[in-house]
Amino acid sequence: MRNATPLLSSAIRKVIYNPYWNIPERILLEELVPEAHRAIKKAADEREALGEEVDREELLTTEAVVEYFNSNGYEVLNQTKSGRLWVRQLPGPTNALGKVKFIFPNPHSVFMHDTPSKGKFRFPRRAFSHGCMRVHEPLEFARTLLERDGSWSKYRARKGLRTLKQLVIPLESPVPLVVDYITNHVDEGDRVHWLHDVYGYDPS
């Protein structure tokens with residue numbers, strides 16, 4: 001439940017191509033740092049298998065983790081004396097936010113975004129995120145928003161998608177957004193469809 005997408009009302013105010021992912025501390029500590037540790041240990045095992053000597057005590061230091069991040073598509077922005085890291089993922093094909101994200105003000109710091117994991121859209125249940133929302137056709141959605149806003153051109157679109165440089169485009173006319181939670185709906189043939197209550201909000 002701590003990863004549940006919050007219910008909210010807001011308005012999309014920015015479209016960002018080639019976004020950075022500023023990694024929340026919980027995700028960094030619970031997922032990415034352990035991932036770094038596993039990768040570092042695996043590399044050490046491979047070096048030892050080749051007959052190299054490896055200082056195991058130096059493997060999992062903060063400096064080793066920083067080096068791993070800086071060598072694998074991340075950027076360590078700051079490191080405090082206590083060892084706390086501030087990390088972001090660079091734009092690129094492996095970036096967790098994909099090629100574009102959509103920003104709307106909200107107290108939960110969630111947003112909508114593309115994803116490199118397109119295969120997840122094949123599943124009927126898609127609650128894989130940490131609260132943010134993956135968009136199925138994000139580039140088409142971005143183009144629709146920007147054409148509606150009159151703030152896009154074919155030249156800028158091609159340029160933005162050819163490079164890996166972040167491009168932030170504010171919308172002059174923000175688009176209203178409501179994130180709701182529905183456990184049933186009626187289709188055009190008056191048939192009722194019951195949906196999985198993935199967050200357990202509907203006691204009925």
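Arg-26 is partly exposed, with a relative accessibility of 29% (buried means under 20% relative accessible area, exposed over 50% and partly exposed in between, with a 1.4 Å probe and protein chains only). The model is a predicted one, in which local features need pLDDT of at least 70 and side-chain atom pairs count only at pLDDT 80 or more, whereas totals for chains, interfaces and linings use all residues. Residues are numbered from 1 along each chain as its sequence is written, and side-chain values use heavy atoms, with hydrogens and water left out.

Arg-26 forms a salt bridge with Glu-30, their closest N and O atoms lying 3.8 Å apart (a salt bridge being a side-chain nitrogen of Lys or Arg within 4 Å of a carboxyl oxygen of Asp or Glu). Because the two residues are four places apart in helix H1, Glu-30 and Arg-26 are separated by about one helical turn; Glu-30 is likewise partly exposed, at 41%. Helices (H or I, at least four residues) and strands (E, at least two) are DSSP runs, numbered from the N terminus.

Helix H1 comprises residues 25-49 and bends by about 30° at Leu-32, with Pro-34 following within four residues, the bend being the angle between axes fitted to the seven residues ending at a position and the seven starting there. Buried residues of H1 include Leu-32, Ala-36 and Ile-40, and among the elements that cover the buried residues is helix H2 (62-70).

Note on methods. Expected span 1.5 Å × (residues − 1). Contact = heavy atoms within 4.5 Å.
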